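I opened my notebook to look at a structure that is new to me.

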Amino acid sequence: MITLKELLIPPGGLLVIALAALIFRRRLPRTAVCALTLSIASLYVLSTPIFGSLALQSLQPEFIEPSQRSQGVQAIVLLGGGSEGE
């Protein structure tokens with residue numbers, strides 16, 4: 001069973017808007033066409049690789065070459081995950 005929380009996370013919200021536009025297309029034809037067009041266009045734009053790479057660039061920090069980092073490094077930390085059952 002789909003919960004309300006699952007409908008609100010992307011892309012569920014846009015799909016709910018598109019479904020509501022289809023339901024109300026006879027009562028409010030202009031509003032329904034506008035909502036349906038905007039929701040489908042938004043789904044398309046959000047699913048393109050160009051938008052995905054732009055979104056990732058805004059989230060990832062800029063890479064700094066190791067040679068340009070500060071020279072006062074005195075330790076290297078290695079992180080590793082253990083395995084269970086050994």
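Before anything else, I noted the cut-offs: buried means under 20% relative accessible area, and exposed means over 50%. I also reminded myself that this is a predicted model.

**Entry one: a serine in H3.** I looked up Ser39, which lies in helix H3. Is Ser39 buried or exposed? I found a relative accessibility of 2%, and because buried means under 20%, Ser39 counts as buried. Next I asked which residues Ser39 touches. Leaving out residues up to four places away in sequence, I listed Leu14, Ile17 and Ala18.

I turned to H2, which runs over residues 12-23 and has 12 residues. From its first C-alpha to its last, H2 reaches 16 Å, close to the 16 Å expected at 1.5 Å a residue. Which residues of H2 are buried? I wrote down Gly12, Ala18 and Ala21. Ala18 was already in my notes as a residue that Ser39 touches. Then I checked what covers the buried residues of H2, and H1 and helix H3 (29-46) are among the elements that do.

**Entry three: a nonpolar patch.** Where does the largest share come from? Helix H1 (residues 4-8) gives three residues, the largest share of the patch. I looked up Ile2 too, and found it in the segment before H1. With a relative accessible area of 57%, Ile2 is exposed, since exposed means over 50%.

Note on methods
Residues are numbered from 1 along each chain as its sequence is written. This is a predicted model: local features need pLDDT of at least 70, side-chain atom pairs count only at pLDDT 80 or more; totals for chains, interfaces and linings use all residues. Side-chain values use heavy atoms; hydrogens and water are left out. Helices (H or I, at least four residues) and strands (E, at least two) are DSSP runs, numbered from the N terminus. Buried means under 20% relative accessible area, exposed over 50%, partly exposed in between (1.4 Å probe, protein chains only). The expected span of a helix is 1.5 Å times one less than its number of residues. Contact means heavy atoms within 4.5 Å.
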